[in-house]
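Here's a quick walk through the model, with the cut-offs spelled out as we go. Have a look at the structure first.

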Amino acid sequence: YLSLAANIQKRNFGALLLHGAANSGRAELTNQLIQFALCQSPQDLQACGECSSCILWSEGNHPDIMLLAGDNSEERKSLQIKVEQVREVIDFASKSRHLSPRKIIHLPDALQLNLNSANALLKILEEPAPNCIFILQTNNINKLLPTIKSRCFKYQLAHPTWDEALSVVRENNLDNAEFWLRYFNGEPLFIPPFESYELVQLKSALLRPSIDAIFALVKELDPKRVGMAHLLDFMLKWLSDLLLVRQGSDASYFVNETEAMQKLVVKINYDKFFNLQEDMVFLTLWSEHPLNHKLQFENILFKYQQIYV
Ligand SMILES: [Zn+2]
């Protein structure tokens with residue numbers, strides 16, 4: 001943080017690209033940098049937290065920052081930054097500042113730039129107005145247009161080691177810390193999608209998939225409440241572990257269930273298994289749509305029960 005903040009203060013770049021996995025602390029670092037860049041009286045490269053700029057920022061209502069992002073309320077496929085939005089940004093950049101020492105244009109997901117909006121942005125990205133800084137984020141720098149990348153100062157958020165990540169998780173006193181850390185691929189800034197008792201219920205229904213267990217689970221874990229995407233993610237990870245165990249490896253997420261899975265994998269009909277996996281991947285694409293998730297979840301669980309012969 002400090003070296004980036006120092007670079008912002010000296011204005012060593014007009015555009016900063018922060019890249020790294022979504023849970024790597026990238027969003028937190030970005031927010032901290034933006035608040036600092038806007039702060040009227042920073043101390044030791046930190047925002048003061050008290051000036052009018054810091055207060056407006058904390059209220060999410062700051063006139064010197066502009067968000068450049070696709071419109072969330074529209075359909076998923078149109079989650080793109082439009083050329084008109086880039087024009088608004090160029091206009092914003094040319095106007096004078098309100099209260100902060102500099103203006104910020106923030107792209108929380110640079111991959112939302114399509115070819116047209118990226119091209120519209122190139123010129124201003126190369127020569128941003130003085131006291132105007134672009135901050136871009138992406139979780140996959142490889143997918144970003146080279147012309148955009150080359151105009152930015154790039155900073156990668158390093159993946160923490162397992163021990164570092166675990167100590168971060170333990171500070172938050174989470175139950176099942178190690179399990180969830182593995183579940184989130186070693187990236188420590190997660191919120192567990194399920195309560196401990198829900199985790200127990202899910203695992204036991206998947207280990208012993210009876211009709212009764214499935215009905216009880218659907219009754220308890222309403223997808224509307226816990227989120228269909230979370231349930232699908234959980235089950236897809238479970239299925240991928242079953243495949244690992246079938247190949248003679250240990251489970252990678254559900255390590256403690258490896259032995260129990262060894263007894264399950266010999267009973268699986270793998271045609272049905274792969275059909276189920278395919279159905280679930282397909283559903284994942286639609287999990288944010290207001291379909292009847294409860295019914296779908298029930299269906300998936302019954303199909304899961306039927307993979308065992
Ligand atoms: Zn301040």
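## Ground rules

Contact here means heavy atoms within 4.5 Å. Helices (H or I, at least four residues) and strands (E, at least two) are DSSP runs, numbered from the N terminus. This is a predicted model, so local features need pLDDT of at least 70 and side-chain atom pairs count only at pLDDT 80 or more, while totals for chains, interfaces and linings use all residues. Residues are numbered from 1 along each chain as its sequence is written, and side-chain values use heavy atoms, with hydrogens and water left out.

## Two domains

The chain is assigned domain 1 (2-159) and domain 2 (193-306), with bounds that come from an automatic or database domain assignment. Taken over C-alpha atoms, the domain centres are 39 Å apart.

## Helix α15 and its cover

Helix α15 (residues 293-306) has 14 residues and reaches 20 Å from first to last C-alpha, close to the 20 Å expected at 1.5 Å a residue; the expected span is 1.5 Å times one less than the number of residues. Its buried residues include Phe297, Ile300 and Leu301. Buried means under 20% relative accessible area, exposed over 50%, and partly exposed in between (1.4 Å probe, protein chains only).

What covers those buried residues of α15? The cover includes α9 (196-207), α10 (211-220), α11 (223-226), α12 (228-246), α13 (258-265) and α14.

## Salt bridges

A salt bridge is a side-chain nitrogen of Lys or Arg within 4 Å of a carboxyl oxygen of Asp or Glu. The structure holds nine of them. One joins Glu198 and Arg225, with the closest N and O atoms 3.1 Å apart. Glu198 sits in helix α9 and Arg225 in helix α11, so the pair ties together parts 27 residues apart in sequence. Glu198 counts as buried because its relative accessibility is 2%, while Arg225, at 49%, counts as partly exposed.

Asp233 and Lys237 also meet in a salt bridge (3.2 Å, N to O). Both lie in helix α12, four residues apart, about one turn of the helix. Lys237 is buried at 10% relative accessible area, and Asp233 is partly exposed at 29%. Arg170, Glu178 and Arg182 are linked in a salt-bridge network.
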